[in-house]
Amino acid sequence: MAPTTMVRRDSHYVGGHWLPSTGTHLLEVVDPANEQVIATVPDGTAADVESAVAAARAAFDGGWSTTTAAERKAHLARLLAALEDRAEEITSVCTAEVGTPRGLSSLIHTRATLGILGSYIELLDRFEFTQALGPTLVLHEPVGVVAAITPWNVPIQLLVTKMAAALAAGCTVVAKPSELTPLNAYLLAEAAHEAELPPGVWNLVVGSGPTVGEALIGHPDVDMISFTGSVRTGQRVAEVGSRTVKRVHLELGGKSALVILEDAALRPAVEAGIRQLFMNSGQGCVAWSRMLVPESRYEEAVAIAREVAESYVVGDPTVDGVQLGPLVSSAQRERVWAYIQAGIDEGARVVTGGLGPPEGLDTGWYVRPTVFADVESEMTIAQEEIFGPVLAMLAFADDDDAVRIANDSRFGLSGGVRSADPDRALEVARRLRTGMVTINDGAFNPLAPFGGYKQSGTGRQLGSYGLDEYLERKSVYR
Ligand code: TXE
């Protein structure tokens with residue numbers, strides 16, 4: 001286990017400076033792998049938010065909103081360089097505060113973040129901020145001051161996704177990271193400072209949802225809220241934001257289904273499904289937490305799933321070869337265990353895993369990789385986002401039945417289809433009411449829109465679709 005050094009942060013990043021918090025209360029950041037306090041950060045106040053919003057407003061009105069795309073590109077390119085210099089540190093910090101195994105941390109927290117920022121730098125070369133409709137000009141102008149509120153599962157990736165798109169558009173930002181994982185945000189602030197982003201263009205206020213979050217979403221000078229998190233908080237954000245008619249972008253949860261059609265190669269399909277779900281210990285909004293298998297191949301698929309789940313190495317995320325780290329917090333583990341209990345109570349069959357920590361892992365918030373069979377669509381574990389390594393396996397009769405079950409959800413974020421016939425897979429993909437679908441081993445594309453249907457949210461992130469969220473359109477009739 002790596003030695004733990006205590007970090008003490010007492011400031012926010014506001015107007016290009018480190019601004020001491022006006023609050024006296026501190027929040028503890030805990031390493032989920034060993035339950036040790038690794039840092040304290042300020043629990044920001046409404047007064048801190050006031051300063052940050054004022055700085056963002058001044059930067060917006062003071063010139064950032066009218067910079068050229070080339071100027072904004074140069075700023076983002078310097079930010080990318082400053083983050084690249086911190087790549088190792090980002091990986092280590094995210095492993096320490098999220099609990100993601102190192103190799104995966106490097107991929108999803110560091111590389112993916114740098115890739116997304118890079119994609120916005122390139123986009124600024126070709127995005128048309130002025131379009132002609134006959135004699136009329138359509139100007140795409142920045143929305144204004146953005147509150148970016150982010151969760152703990154892929155924290156720096158989401159902070160940078162919102163920051164890159166907002167800044168590329170000409171908006172200014174006040175970011176509020178999750179209080180569970182704020183340390184990566186400080187690295188981002190240090191990089192922004194080193195990159196000499198103009199003062200006030202991007203600000204950071206650290207603190208809890210009920211104080212800093214509430215102050216931001218109700219602030220009259222915030223023009224837009226971009227939120228990623230739970231449905232419950234998303235509803236609150238939309239409700240409070242509506243009082244001053246803010247633009248609200250929401251990326252919420254999911255209960256996505258991998259549909260394995262009966263002509264698919266079964267083992268690679270089940271393996272790919274579990275790999276995707278277990279990534280980051282199941283704490284991913286796009287996780288395929290339901291696996292839909294044809295009745296004729298159900299028991300065979302269950303046997304493969306058990307074998308694959310039991311092969312996972314659970315443990316200290318800093319140790320080479322570990323595939324599944326702890327969950328982010330004790331509360332998150334309690335939530336996951338409550339869902340496992342609900343699965344048992346409602347009559348699903350525990351194929352492997354279940355309640356209690358994995359053997360030998362009594363310290364740290366570990367859970368056992370769990371597979372449930374005989375799951376019916378109305379059960380809690382088939383309906384609620386569990387956000388842990390818990391798979392629900394459901395049987396279907398034919399393609400129509402598979403589509404019906406997959407769509408039997410209040411969510412609509414992602415999904416997958418496996419088939420030997422790409423046309424058949426596409427046909428099913430078209431019928432899924434979700435924002436994203438992966439056919440077989442289709443690669444993720446950071447330029448394609450990312451977001452959900454139904455209660456998975458509103459709007460889209462990434463690429464030009466993500467940029468568009470931060471733009472107003474002005475028609476100039478000539
Ligand atoms: O999320 P919250 P939590 C889901 C997942 C998880 C559950 C609970 O199922 O188990 O949500 O996670 C801020 N005004 N997802 O409780 O509370 C908060 O400080 C303004 C899915 O951690 O939604 C944090 O910065 N802001 C999701 C952010 O909201 C408020 C990722 C998210 O926290 C606030 C995370 C308020 N009143 C959880 N209250 C995904 N889509 O990937 C809290 N916040």
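**Entry 1: two helices crossing**

I began with how α13 and α14 cross, and I found the crossing to be right-handed. I am working with a predicted model, so I keep that in mind throughout. Next I looked up where the two helices sit: α13 covers residues 399-406 and α14 covers residues 422-431. Their axes come within 10 Å and cross at roughly 35 degrees.

Which residues of α13 meet α14? I noted Asp399, Asp400 and Val403 on the α13 side. On the α14 side I wrote down Arg424, Val428 and Arg431. I then sorted this contact by class and got two nonpolar, four charged and no polar residues.

I turned to backbone angles with a handy rule in mind: most residues other than glycine have a negative phi. I found Glu35 in the loop between β4 (26-31) and β5 (36-42).

Is Glu35 buried, partly exposed or exposed? Its relative accessibility is 35%. Buried means under 20% and exposed means over 50%, so Glu35 counts as partly exposed.

**Entry 2: positive phi at Ser281**

I looked up one more residue of this kind. Ser281 is not a glycine either, yet its phi is positive, near 55 degrees. Ser281 also belongs to a loop, the one between α9 (266-278) and β14 (290-294).

Is Ser281 buried or exposed? I read a relative accessibility of 2% for Ser281, so I put it down as buried.

Conventions
Residues numbered from 1 in each chain as written. Predicted model: local features only at pLDDT ≥ 70, side-chain atom pairs only at ≥ 80, totals over all residues. Heavy atoms only, no water. Axes fitted to C-alpha atoms, helices over the stretch in contact; angles between N-to-C directions. Helix = DSSP H or I, 4+ residues; strand = E, 2+ residues; numbered from the N terminus. Left-handed = near helix turned anticlockwise from the far one by under 90°. Contact = heavy atoms within 4.5 Å. Nonpolar A, V, L, I, M, F, W, Y, C, P; charged D, E, K, R; others polar. Buried < 20%, exposed > 50% of the residue type's maximum accessible area, 1.4 Å probe, protein only.
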